[in-house]
Amino acid sequence: MLIDEIRQTPAKVVTEEQRESYWENGYLLLERLIPDEWLVRLRAATDEMVERSRMLRASDRVFDLEPDHTADAPRLRRVTSPVDQHADYWAYARDSLLADVAADLVGPDVAFHHSKLNFKWARGGAEVKWHQDIQYWPHTNYTPLTFGTYLYDCGMEQGPLGVLPGSHDGPLYDLYGDDGAWAGALSARDAAGLDTTRTVYLPGPAGSVTIHNCRTAHHSAANDSPIGRPLLLNVYKAADAMPYTANPLPSSHAEEVVRGQRARWAHHDQRPCLIPPDWSGGYTSLFALQQNESAPASM
């Protein structure tokens, strides 16, 4: 669905000014959007994930662990597909305001793509280098968008999301390295060409939601503060956006329609998209890729 078509239906959650800003700039910050009732459930589910990780000595398909993770001092980087790990994560993705906001931004027919829970643990939680999302999971159009929910307050010292306004209408970058291997981030040359003085950082109190388009260039700094920053990420898209490749973070709920109806026709954007490696046999985490870590084949 084109933006002019979406405009014909009034927004239900965001203001008209907010969705025009999203279309122009490629991101939004909605402070305190999520009620405390949801935060209580999501925090409890997250505590359960941390407890489950204590028995692990190495990363697996669900848990991406920092190198110094131990049972006594767990340090997680990511829980993959949390919607498949705890019922409350899927209830949140399906039933909360998130999917309604997605409908305001991409049209009334909305499908779920994938989820992840990124921790950025206290005192050293890994940075995320400049990248765009859609090269990891290309679709027939560029409606996919990522919602990040702050489960706790997130200040600048904890490495919040930083976005480059308007970059969603700029070029897509090659995320392969000079050696031909998938790097998962912009090259040093391309990153140096970004006007990072224009970067907008999106800290916020608990219950705030960040939103960025799949083409928006973004990054986040390491968390050297004494406070962790768990960030629950859910990716939605217009139902007429069809994946070209295997989902790198497969979920039993992928392609499930959460608002409106299933699309009968795919919508194709004429702009080309980079094709990533074949993820169908497994996927190395973004963190391991960007930090040049070797990862087990089971990830």
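Me: How do the residues lining the largest pocket divide into nonpolar, polar and charged?
Reply: This is a predicted model. The pocket holds about 370 Å³ of space. Its lining has 18 residues, with Ile3, Tyr142, Thr143, Asn213 and Arg271 closest to the centre. By class, the lining divides into 9 nonpolar, 5 polar and 4 charged.

Me: Which helices each supply at least two residues of that pocket's lining?
Reply: The N-terminal numbering of helices applies here. Those that each give at least two lining residues are α1 (3–6), α2 (16–25) and α5 (97–106).

Me: Which element gives the most to the lining of the largest cavity?
Reply: The structure holds 1 cavity of 30 Å³ or more, and about 350 Å³ of space lies in the largest cavity. Its lining counts 26 residues, with Lys116, Asn118, His131, His218 and Leu233 nearest the centre. Several elements each supply at least two lining residues, among them β4 (110–118), β9 (209–213) and α7 (286–290). The top contributor, with 3 residues, is β10.

Me: What is the nearest side chain of opposite charge to Asp133, and how far away is it?
Reply: Asp133 sits in the loop between β5 (128–131) and β6 (145–150). Beyond its neighbours within four places in sequence, Asp133 contacts Thr146, His212, Cys214 and His218. Asp133 is buried and has no salt bridge. A salt bridge needs a distance within 4 Å; the nearest side chain of opposite charge is Lys116, at 5.8 Å.

Key: Residues numbered from 1 in each chain as written. Predicted model: local features only at pLDDT ≥ 70, side-chain atom pairs only at ≥ 80, totals over all residues. Heavy atoms only, no water. 1 Å grid on protein atoms, 1.4 Å probe; cavity = no way out; pocket = protein on both sides within 12 Å on 5 of 7 lines; lining within 4 Å. Points joined across faces, edges and corners; volume = space filled by probe spheres on them. Helix = DSSP H or I, 4+ residues; strand = E, 2+ residues; numbered from the N terminus. Nonpolar A, V, L, I, M, F, W, Y, C, P; charged D, E, K, R; others polar. Buried < 20%, exposed > 50% of the residue type's maximum accessible area, 1.4 Å probe, protein only. Lys, Arg positive; Asp, Glu negative; His and termini not counted. Contact = heavy atoms within 4.5 Å.
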